Amino acid sequence: MASTDARQSKVQSVPSSAGVGGPTRARINAKTLRTDRWWLTPLATFLVFFAFIVYATFRAFYGHDYYSAPYLSPFYSPCLGDCVGGASDFGRPFQAFPLSAALIVLIFPLGFRLTCYYYRKAYYRAFWLSPPACAVAEPHQKYSGETRFPLILQNVHRYFWYAAVVVGVVLTYDVVLAFRNEQDEWGHMGLGTLLMLVNVVLIWLYTLSCHSCRHAVGGRLRHFSKHPVRYKMWTFVSKLNTRHAQFAWYSLFSVALVDLYIYLLAANVFDDPRFF
Amino acid sequence: MGYDLKMRVWRGDQSGGELGDYTVEVSEGEVVLDALHRVQATQAGDLAIRWNCKAGKCGSCSAEINGKPRLLCMTRLSDFEESETITVTPMRTFPVIRDLVTDVSYNYEKAKELPYFEPPPRDSDGKRRMAQIDVERGQEFRKCIECFLCQNTCHVVRDHEDNKPAFAGPRFFLRYAELDMHPLDTHDRRELAQGAAGLGMCNITKCCTEVCPEGIKITDNAIIPMKERVADKKFDPLVWLGSKIGIRNKDNDGRTEV
């Protein structure tokens with residue numbers, strides 16, 4: 001057995017790939033000794049995200065069945081391309097755009113989620129296995145984190161948050177419009193209205209619990225005492241922020257569900273149950 | 001009510017080692033460190049363990065139990081089935097010295113690289129003043145016991161030895177954040193945090209938070225706020241423009257970059 005002389009012998013060149021199998025570390029062949037089902041969360045995350053990506057890609061490129069009066073799919077809102085009648089509440093400035101109108105606006109919510117601090121954790125683990133779980137060795141030889149292109153672009157998250165606030169306002173407006181019937185008369189409500197309402201609440205909870213939001217409203221300050229209102233706002237956002245991951249999941253499901261519901265309505269698979 | 005616990009404990013040094021099998025009698029209410037001490041007392045007198053307070057406050061007995069980075073003294077045997085074999089290894093990110101003892105001097109080297117707190121001149125009455133709510137924010141970070149479990153579990157250095165020179169690790173991002181949020185500190189460490197300390201290497205996969213025995217929200221309350229502060233300084237053209245035309249808040253005035 002060696003003694004504490006190991007301290008002196010630790011300085012030596014190591015291969016760049018050396019991780020838990022490196023020459024100075026305890027010689028243990030297993031990449032992890034965890035006995036719990038550590039693979040379950042990244043696997044479930046991968047499957048759900050992958051399913052969402054497939055569905056969202058199909059719907060974004062599909063270009064049809066996104067409006068069933070008075071409901072507009074959140075994937076196509078605001079509808080700025082060559083949209084069907086009634087779907088364009090903000091005009092059609094990109095009418096000449098040859099592809100699906102969803103592709104014009106979807107980059108903003110997509111970019112917001114792609115650069116989100118929670119989603120980053122989730123997909124770095126589930127898709128890139130970096131690491132797959134805590135204290136489970138990752139398969140990559142080299143690692144530079146978010147210091148280089150393209151991952152250094154994750155720092156634009158706050159700009160996508162600004163856009164997400166605008167998208168949130170537009171989706172809220174869509175919910176207001178959903179309190180009409182097919183003849184544009186106000187004071188009506190159907191199951192679609194309820195689903196859109198739940199969705200927009202979850203979207204707002206997700207958007208307002210964002211880490212960049214927390215920073216912008218007050219987190220960037222060094223003296224809360226000089227900014228009592230911003231301190232209160234920061235405290236509120238901080239409470240929401242602890243549940244950011246939950247809101248990320250709930251709103252992901254709700255936005256897909258609302259789109260699916262409107263898709264099925266528009267495709268005449270069933271009629272919208274009207275409450276009043 | 002005692003029972004016989006099966007343990008596998010890593011024995012060895014940098015020249016090699018293996019998991020040794022031990023069966024030891026344990027009692028209700030004991031922790032893993034108690035079981036190891038009994039192994040040491042009855043079967044393996046030369047078993048090396050670093051420990052001190054047995055109360056989760058000194059941060060000495062960090063190790064990996066069934067592959068999870070944990071404190072030996074804070075891991076209850078009642079968390080496991082009586083029939084379960086408990087495997088204990090040293091932290092796998094740091095050079096092993098012997099058995100469960102590792103050389104954690106990497107962390108002390110990183111601590112030396114971090115510029116210290118620099119207060120402003122005293123007020124005319126010889127005092128310095130801070131408001132209570134400004135002080136409270138950093139209190140969570142002061143709970144750190146420097147067990148280095150977060151440093152150990154961070155894949156940036158755990159899986160990539162070559163990153164050690166360029167990466168300070170979560171424990172020190174905590175310190176960067178604490179000082180950056182400090183109402184009196186006059187150093188601006190944002191460039192340093194991103195550059196020399198390697199904040200950009202962190203991909204916020206939150207393992208540091210998961211293993212922290214003090215429950216400090218390292219990622220949400222320190223690393224991400226610090227990343228946002230760095231983005232203010234380095235990556236946000238609107239903040240830059242605001243500072244040029246004088247519409248930024250004056251909260252960072254009086255700080256000098258280090």
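Visitor: Which exposed residues does the face of α9(A) turned away from its buried side carry?
Guide: This is a predicted model. On the face of α9(A) turned away from the buried side, the exposed residues are P228(A), V229(A) and K239(A).

Visitor: Why do the buried residues of α9(A) line one face of the helix?
Guide: The buried residues here are W234(A), V237(A) and N241(A). Look down the axis of α9(A). They line one face because they fall within an arc of 70 degrees.

Visitor: Which helix of chain B is included in what covers those buried residues of α9(A)?
Guide: Chain A provides part of the cover, including α7 (191-208), α8 (211-219) and α10 (244-266). Chain B takes part too, with its own α9 (218-235).

Visitor: Which helix gives the most to the side of chain A that touches chain B?
Guide: The contact takes 53 residues from chain A and 56 residues from chain B. On chain A, α1 (6-9), α5 (117-126), α8 and α9 each supply at least two residues. With five residues, the one that gives the most is α5(A).

Visitor: Which residues have the most contacts inside the largest nonpolar core?
Guide: Nonpolar side chains tend to be buried together in soluble globular proteins. The largest nonpolar core here has 121 residues. It draws at least three residues from each of domain 1 (3-102) and domain 2 (105-257) of chain B. Those with the most contacts inside it are V88(B) and F173(B).

Notes:
Residues numbered from 1 in each chain as written. Chains lettered and ligands numbered in written order. Predicted model: local features only at pLDDT ≥ 70, side-chain atom pairs only at ≥ 80, totals over all residues. Core = buried A, V, L, I, M, F, W, Y, C linked by C-beta atoms within 7 Å. Buried ≥ 20, exposed ≤ 12 C-beta atoms within 10 Å, placed from the backbone. Domains from an automatic or database assignment. Helix = DSSP H or I, 4+ residues; strand = E, 2+ residues; numbered from the N terminus. Arc of directions from axis to C-beta. Contact = placed C-beta atoms within 7 Å.
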